[in-house]
Amino acid sequence: MGSKSVTLTFEDVAKHNQKKDCWIIINKKVYDVTPFLDDHPGGDEALLSATGKDATLDFEDVGHSDSATEMMEQYLVGEVDTATLPAEARNNPPPPIQTTTLNNESSGFLFKFLQYLVPLLILGSAFALQYYGKKNKSNES
């Protein structure tokens, strides 16, 4: 598309808010997503509703894949002059990246615990079925 060195005002970007001309702002970068509207998995409405504002939080909330983030580079137009962003966008920076170390440790422990628990439950069920099966056969005789 364009050069990464282009700096645009928020007003310039906000003019591109239609299906035939759609630009969005994510992480202070401007993207012309017009050619991607029909291919976007969330539909074109998701992208069209992101025009006229800083869509960083909307983008982050959805949890896009790494490949989606890489794909964005082909639609890069330039950067937005953050001084021209509306006050609410400047005062609400994107949330900091949270570490998931605790979650990974917790899920690792749970996985190891279940790795032993599930076979024991299966084995216990097999013994219980065998015991009650023999008991029922002896009662029938």
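Does Asp58 count as buried, partly exposed or exposed, and at what relative accessibility? Asp58 counts as partly exposed, because its relative accessibility is 34%, and the partly exposed class lies between under 20% for buried and over 50% for exposed. The model described here is predicted.

## Overall make-up

The protein has six helices and five strands. Read from the N terminus, these elements follow the order β-α-β-β-β-α-α-α-β-α-α. Among contacts with a separation of 6 or more, 71% are between residues 24 or more positions apart.

Of the 141 residues, 23% count as buried. The accessible surface of the protein is about 10300 Å², and carbon and sulfur atoms contribute 57% of that surface.

## The sheet

The five strands make up an open sheet with mixed pairing, in the order S1-S5-S4-S3-S2. Strand S1 (7–8) and strand S2 (17–18) are at the edges, each pairing on one side only. In general, the strands of a sheet pair through backbone hydrogen bonds, in a parallel or an antiparallel sense.

Strand S3 (residues 21–26) pairs with strand S4 (residues 29–32) in the antiparallel sense, over four bridges. Trp23 has Asp32 in S4 as its bridge partner.

## The loop between S3 and S4

Asn27 is in the loop between S3 and S4, and Lys28 belongs to the loop between S3 and S4 as well. Phi is positive at Asn27, near 50°, although the residue is not glycine. Lys28, also a residue other than glycine, has a positive phi near 70°. Asn27 counts as partly exposed because its relative accessibility is 40%.

The backbone nitrogen of Asn27 is reached by the side chain of Thr56 at 2.7 Å. Thr56 is in helix H3 (residues 56–62). With a relative accessibility of 3%, Thr56 counts as buried.

## Salt bridges

The structure contains two salt bridges. In general, side chains of opposite charge can pair when their charged atoms come close. One of the two joins the side chains of Asp44 and Lys19, with an N to O distance of 2.6 Å. This pair connects distant parts of the chain: Asp44 is in helix H2 (residues 44–48) and Lys19 is in the loop between S2 and S3, 25 residues apart. Asp44 is buried because its relative accessible area is 19%, a value to be set against the cut-off of under 20%. Lys19 has a relative accessible area of 44% and is therefore partly exposed.

Lys53 and Asp58 form a salt bridge in which the closest N and O atoms are 2.7 Å apart. Lys53 is partly exposed, with a relative accessible area of 33%.

## A nonpolar surface patch

Which residues form a nonpolar patch on the surface? The patch is formed by Phe109, Leu110, Phe113, Leu114, Val118 and Ile122, which together have about 600 Å² of accessible area.

Val118, one of these residues, is in helix H6 (residues 101–140). Val118 counts as partly exposed because its relative accessibility is 40%.

Methods:
Residues numbered from 1 in each chain as written. Predicted model: local features only at pLDDT ≥ 70, side-chain atom pairs only at ≥ 80, totals over all residues. Heavy atoms only, no water. Patch = residues over 30% accessible without salt bridge, like charges linked within 9 Å, V, L, I, M, F, W, Y side chains within 5 Å. Areas by Shrake-Rupley, 256 points an atom, 1.4 Å probe, with all protein chains shown as cover. Salt bridge = Lys/Arg side-chain N within 4 Å of Asp/Glu carboxyl O. Helix = DSSP H or I, 4+ residues; strand = E, 2+ residues; numbered from the N terminus. Buried < 20%, exposed > 50% of the residue type's maximum accessible area, 1.4 Å probe, protein only. Pairing = 2+ DSSP bridges. Contact = heavy atoms within 4.5 Å. Polar contact = N/O pair within 3.5 Å; in protein donor to acceptor, adjacent residues only side chain to side chain.
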